[in-house]
Amino acid sequence: MKAREKNHILVVCHDAGAGQMISAYVKKHKARYRVYCLVSGPAKKIFARKGLSRRMVPESRGLKLLDEGTVSMVLCGTSWVSLLERHVIHRARAAGVKSAVYLDHWTNYRERFGHPRRSWRMNIPNELWVGDKHAFKLAKQHFKSRTVKLVPNAYFQEVKAEYRAMRHNANARDILFISEPTMLAHKTFYEAGYEYDETDILKRILDYLSKKNVQNTIIICYHPAEKRDKYSALLARYGRKLHFRKQDKNILKDFARAKLVIGRRSMALALAALCGRRVVSYIPDRNVAFPLPFNEITKIRDINKLKI
């Protein structure tokens with residue numbers, strides 16, 4: 001086996017959240033490291049959009065680079081369903097290569113690695129990376145035997161810079177609903193306390209807006225893992241009272257048009273807050289905490305507390 005190159009890194013991710021954070025990190029530091037990107041699922045499009053297509057490698061080559069000693073570190077995301085990152089972490093451990101996972105949210109830290117299964121600790125890397133002080137505190141609580149590093153979130157920096165450069169509408173009036181496949185997350189991470197799924201949440205919001213006779217255009221922003229006809233039957237019920245518009249390909253353009261951004265706990269709510277938009281996290285489940293650590297985000301349990 002040849003000597004490992006200290007500045008050669010294998011990056012591995014599948015889901016959109018990790019894809020955004022890690023691609024931003026790679027783009028920012030691409031002159032410092034030789035990076036090989038083993039990406040799949042939603043992350044593949046994100047890396048391509050960031051101009052990183054030439055650095056992508058198929059899984060077979062990525063694992064070969066790892067086994068042959070070309071890379072000295074593996075940097076992974078975490079996924080809801082895909083086991084790609086866990087597989088590479090195990091492979092890195094067998095090859096004697098350091099591994100790190102960049103955590104992209106503030107929830108389900110242990111569950112991302114398979115907790116409460118007995119063998120879940122085998123999926124934890126050598127290091128946990130986080131992008132802010134609140135995440136650092138949470139990670140230190142959950143992973144006391146691992147190194148936790150605060151690595152500034154380059155994706156947040158990208159979003160703020162791009163949003164500042166956009167033209168903004170001073171009379172923004174749209175209402176932007178941030179959807180997320182919460183029931184999939186509950187089943188994947190064995191979450192307790194949730195009584196309402198994402199359809200229940202949207203229905204409560206639309207009932208309230210309909211009752212208030214709002215004339216604002218409503219935009220449904222879908223999660224990358226969701227089908228675009230997910231709420232078709234529900235939206236059809238409100239077709240005569242409420243006005244809907246399709247989401248833009250660039251969520252920042254929807255932020256710029258929005259008077260209000262509302263959802264449950266999606267990262268997109270955090271992004272909207274970073275862009276200075278009015279943001280509401282609506283979680284009616286009494287036994288579920290509000291996870292987004294932003295004072296700028298209004299938290300409500302009762303939809304009747306929503307101010308339009």
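Predicted model: local features only at pLDDT ≥ 70, side-chain atom pairs only at ≥ 80, totals over all residues.
1. Now the helix itself. α8 covers residues 198-211, which makes 14 residues. From first C-alpha to last, α8 reaches 20 Å. That is close to the 20 Å expected at 1.5 Å a residue.

2. Next, burial along α8. The buried residues are Glu198, Ile201, Leu202, Ile205, Leu206, Tyr208, Leu209 and Ser210. An α-helix has 3.6 residues a turn, so residues three or four places apart point the same way. Read the list of buried positions in α8 with that spacing in mind, including Ile201, Ile205 and Leu209.

3. Step back to the whole chain. The chain has eleven helices and twelve strands. Its C-alpha atoms fill a box of roughly 70 × 45 × 35 Å along the principal axes.

4. Does the radius of gyration agree with a compact globule, or disagree? It agrees, because a compact globule of 308 residues would have a value near 19 Å and the chain has 20 Å.

5. Burial and contacts complete the picture. Of the 308 residues, 53% count as buried. Take contacts between residues at least 6 apart in sequence: 70% of them join residues at least 24 apart. The accessible surface comes to about 15,400 Å². Carbon and sulfur atoms account for 49% of that surface.

How values were computed: Residues numbered from 1 in each chain as written. Heavy atoms only, no water. Helix = DSSP H or I, 4+ residues; strand = E, 2+ residues; numbered from the N terminus. Expected span 1.5 Å × (residues − 1). Buried < 20%, exposed > 50% of the residue type's maximum accessible area, 1.4 Å probe, protein only. Rg over C-alpha atoms; globule rule 2.2 N^0.38 Å. Contact = heavy atoms within 4.5 Å. Areas by Shrake-Rupley, 256 points an atom, 1.4 Å probe, with all protein chains shown as cover.
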